[in-house]
Structures are given as structure tokens and as C-alpha cells.
Amino acid sequence: GTDNDAFRALINIGSGTLLTVYGNSSDPGRMKIEALTDVYAVDSVRVEGVAGLSLSVAETDLSTHTLSAVNLNGARLENTSGDIYVTAKTDARVNPSANLFSAGVITGGAAIATGEVTANNQIDAENAFIKARNVNLFAGRDAFGVSNLLNGDASNLLARGPNGLPLPLVFDTKTFDVEANDVHPIGTAHVLVNGTSIICDG
């Protein structure tokens with residue numbers, strides 16, 4: 001995905017919708033509404049330059065933009081005996097790799113690998129009605145309490161021929177940035193709890 005068009009997992013439960021789970025004390029009902037984006041991306045670049053005067057560049061730039069969101073605008077959720085979980089979570093692993101070999105009388109080059117993950121998780125409970133034993137609204141983790149899994153590795157390798165005289169342009173860089181924007185559950189919601197907890201985590 002991109003800044004303007006993220007890779008997304010969206011759950012929209014519209015106004016007037018009623019979702020009800022029934023159960024009893026010995027066999028309580030379960031309601032889980034979970035949005036998850038899961039990304040695995042690999043990009044590998046290899047460049048070989050051989051000449052009397054050799055100047056080569058190997059560059060890879062790998063980025064992901066994700067959105068996990070649950071919209072409960074005006075919806076009604078009820079669990080007569082158990083808990084309700086509404087979650088939005090992101091798992092992402094990004095691995096860019098750049099490899100450069102440059103050989104010549106005078107050589108120079110660059111091997112650049114850049115990786116970036118931008119993850120957004122959101123729960124919107126505008127004008128929603130939620131009733132359960134316990135209500136759990138999690139932005140940035142799932143119903144089991146596992147947080148976003150955002151990681152990766154940006155790697156590069158630059159090699160120069162043994163007979164070449166290096167130019168001052170020989171350099172290599174590698175970066176990996178992770179940005180997790182966990183938006184707190186927002187909106188004006190009416191929540192009735194029969195048990196002990198209302199948990200909003202973002």
C-alpha cells in the first residue's frame with residue numbers, strides 16, 4: 001500500500017445492525033470482531049559493474065502502508081453471557097537487500113537498502129451500543145493480547161575489485177524504520193458491562 005491507498009483490512013458494521021450472541025453461565029457465548037493486516041515483502045537487487053572507470057549504484061526502497069480498522073458506527077453488539085472483543089492489529093515483515101560488485105582501474109559505487117513499515121490500527125465506535133459481561137476494544141493487539149508484530153531487516157553488501165583504485169564515492173547505507181500508529185478507540189459509544197471491566201487499549 002501507499003500513503004494515499006493503504007493495504008487494508010476493514011470491517012464495517014453499519015448503523016441499525018444488531019449482532020447478538022446467546023449463551024449461559026456454563027457455556028458463555030463469544031463474540032470476536034477482528035481486523036488484521038499481514039504483510040511479508042522481500043526485494044533483492046544485484047548489480048555488477050566492470051570497466052576501466054566503473055561507477056555503479058544498487059538501490060532498493062521497500063515500504064508498506066497498512067490500515068486495520070473496525071467501524072461500529074451506530075451498530076448494536078450484545079453478548080448475553082460472555083465477553084465482546086473488537087480488535088485491530090497489524091503484522092508486517094519487510095526485507096530489502098542491495099548487493100553491488102564494482103571492478104576496474106578506478107571504481108566507485110553505492111549499495112543502498114531502505115525498508116519502512118507504517119502501520120495504522122483504528123477502532124471507531126461512534127454512536128455504537130455495546131453490551132456484554134466484559135467489553136474489550138483493542139487497537140494494536142488481538143483478543144489474546146498479542147501486540148503488533150512489526151519487524152524486518154535491511155541489508156546490503158558492497159564489494160570492489162582488488163586492482164581498482166577507489167573513488168571517494170564508495171559507501172553503503174542501510175536503514176529500517178517502523179512506525180506504529182495505534183489509534184485509541186474513538187467515538188461516543190454506549191457501553192453496558194455486566195462484569196468487571198471495560199478495556200480500551202490503543
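# Strands, cores and ring contacts in a predicted model

Reader: In which strand is the place of Thr118, and is Thr118 buried or exposed?

Author: In this predicted model, Thr118 has its place in strand β7, which covers residues 106–124. The cut-off for a buried residue is under 20% relative accessible area, and Thr118 has a relative accessibility of 8%. Thr118, in strand β7, therefore counts as buried.

Reader: With which side chain does the side chain of Thr118 make a polar contact, and at what distance?

Author: The contact runs from the side chain of Thr118 to the side chain of Glu116. The distance for this polar contact is 3.5 Å.

Reader: Where does Glu78 lie, and why is Glu78 assigned to its accessibility class?

Author: Glu78 has its place in strand β5, made up of residues 76–79. Since buried means under 20% relative accessible area, and the relative accessible area of Glu78 is 16%, Glu78 is classed as buried.

Reader: Which residue of β8 stands opposite Glu78, and what is the C-alpha separation of Glu78 and Ile130?

Author: The strands β5 and β8 pair in the parallel sense over three bridges, and within β8 the residue opposite Glu78 is Lys131. Leaving aside neighbours within four places in sequence, Glu78 is in contact with several residues, among them Leu18, Val21, Met31, Phe129 and Lys131. Glu78 and Ile130 are 52 residues apart along the chain, and their C-alpha atoms are separated by 5.9 Å.

Reader: Which residue of β5 is the bridge partner of Val21?

Author: Strand β2, residues 18–21, pairs with β5 in the parallel sense, and four bridges are found between them. Among the positions involved, Val21 has as its bridge partner in β5 the residue Asn79.

Reader: How many aromatic pairs are there, and what is the geometry of the rings of Tyr85 and Phe138?

Author: The count comes to one aromatic pair. The rings of Tyr85 and Phe138 have centres 6.1 Å apart and planes at 65°, so this pair is edge-to-face.

Reader: Which strands hold Tyr85 and Phe138, and are the two residues buried or exposed?

Author: Tyr85 belongs to strand β6, residues 84–103, whereas Phe138 belongs to strand β9, residues 135–139, so the pair ties together parts that are 53 residues apart in sequence. These strands, β6 and β9, run parallel and are joined by four bridges; in β9, Leu137 stands opposite Val86. As for accessibility, both Tyr85 and Phe138 are buried.

Reader: Which charged end sits over the ring of Phe138, and how far from its centre?

Author: The ring of Phe138 has the charged end of Arg141 over it. In another part of the model, Arg76 lies over the face of Phe129, at 4.0 Å from the ring centre. For Phe138, the charged end is that of Arg141, and its distance from the ring centre is 4.0 Å.

Reader: How many residues has the largest nonpolar core, and which have the most contacts inside it?

Author: Nonpolar side chains tend to be buried together in soluble globular proteins. The largest nonpolar core here has 20 residues, and those with the most contacts inside it are Leu72, Leu77, Ile84, Val86 and Ile130.

Reader: How many residues of β6 are buried, and which residue of β6 is the bridge partner of Ser44?

Author: Strand β6 is mostly covered, with 18 of its 20 residues buried. β6 pairs with β3 in the parallel sense over 20 bridges. Across β6, the bridge partner of Ser44 is Ser97.

Reader: Which residue of β10 stands opposite Asp91?

Author: Strand β10, residues 149–152, pairs with β6 in the parallel sense over four bridges. The residue of β10 opposite Asp91 is Leu149.

Reader: Is Arg93 buried, exposed or partly exposed, and which side chain does a polar contact join to that of Arg93?

Author: Arg93 has its place in strand β6, and because its relative accessibility is 35%, Arg93 counts as partly exposed. Arg93 and Gly152 are 59 residues apart in sequence, with their C-alpha atoms 4.8 Å apart in space. A polar contact of 2.8 Å joins the side chain of Arg93 to that of Asn151.

Key:
Residues numbered from 1 in each chain as written. Predicted model: local features only at pLDDT ≥ 70, side-chain atom pairs only at ≥ 80, totals over all residues. Heavy atoms only, no water. Helix = DSSP H or I, 4+ residues; strand = E, 2+ residues; numbered from the N terminus. Buried < 20%, exposed > 50% of the residue type's maximum accessible area, 1.4 Å probe, protein only. Polar contact = N/O pair within 3.5 Å; in protein donor to acceptor, adjacent residues only side chain to side chain. Contact = heavy atoms within 4.5 Å. Phe/Tyr/Trp six-rings, centres within 6.5 Å; stacked < 30°, edge-to-face > 60°. Lys NZ or Arg CZ within 6 Å of the ring centre and 35° of its normal. Core = buried A, V, L, I, M, F, W, Y, C linked by side-chain atoms within 4.5 Å. Pairing = 2+ DSSP bridges.
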